[in-house]
Amino acid sequence: MAGIGKTAPDFEDLLPAMAEKLGGDGLMRELCNGFKLLMDEETGVITAASLKRNAAVLGLQDLRDDELASMVREGDLDGDGVLSEMEFCVLMFRLSPGLMEESRLLLEEMLEDQLKTAGF
């Protein structure tokens with residue numbers, strides 16, 4: 001987990017198995033459900049505080065406040081200090097080496113097909 005540091009917990013990358021079992025739409029529904037579990041209900045985003053309140057859901061109850069804040073910073077693409085649903089989903093994909101590799105291979109295959117269709 002780049003940017004989070006040496007103290008970040010190890011985790012089993014379950015997203016590829018979930019994607020295979022649920023399909024793309026099902027995986028996105030599950031990621032949205034995960035976001036809703038972790039978000040602050042008043043603001044509709046994940047904050048370090050909401051992550052701390054709900055960390056036990058992920059087995060992260062032993063993480064320090066600075067580690068939780070670092071996790072939010074890792075996925076905060078627009079610099080507003082919180083995670084939107086889109087930022088959360090992007091982060092989950094980035095943290096899943098298996099899904100990243102599958103996505104890269106699929107993109108390569110699609111590009112090859114396009115090049116063949118175009119006569120290259």
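Buried means under 20% relative accessible area, exposed means over 50%, and partly exposed lies in between (1.4 Å probe, protein chains only). The model on screen is predicted, so local features need pLDDT of at least 70 and side-chain atom pairs count only at pLDDT 80 or more, while totals for chains, interfaces and linings use all residues. Residues are numbered from 1 along each chain as its sequence is written, and side-chain values use heavy atoms, leaving out hydrogens and water.

**Stop 1: Asp40 and Arg53.** Select Asp40, which counts as buried at 16% relative accessibility. Arg53 lies in helix α2 and Asp40 in the loop between α1 and α2, so the pair ties together parts that are 13 residues apart in sequence. Helices here are DSSP runs (H or I, at least four residues), as are strands (E, at least two), numbered from the N terminus.

**Stop 2: other salt bridges.** How many salt bridges does the rule count? The count comes to four. Select Lys52 and Asp65, whose side chains meet with 2.8 Å from N to O. Lys52 lies in helix α2 and Asp65 in helix α3, so this pair too links parts 13 residues apart in sequence. Next select Arg64, Asp66 and Glu67, which are linked in a network of salt bridges. Within it, the side chains of Arg64 and Asp66 meet at 2.9 Å, N to O.

**Stop 3: the core.** A nonpolar core is a set of buried Ala, Val, Leu, Ile, Met, Phe, Trp, Tyr and Cys residues joined through side-chain atoms within 4.5 Å. The largest one has 16 residues, of which Ile46, Leu51, Met71 and Phe88 touch the most other members. Helices α1 (15–38), α3 and α4 (85–94) each give two or more residues to this core. Select Phe88: leaving aside neighbours within four places in sequence, Phe88 is in contact (heavy atoms within 4.5 Å) with Leu31, Gly34, Phe35, Leu38 and Ile46.

Stop 4: Cys89 is buried, with a relative accessible area of 8%. A search of the whole structure finds zero disulfides.

Note on methods. A disulfide is a pair of cysteine sulfur atoms within 2.5 Å.
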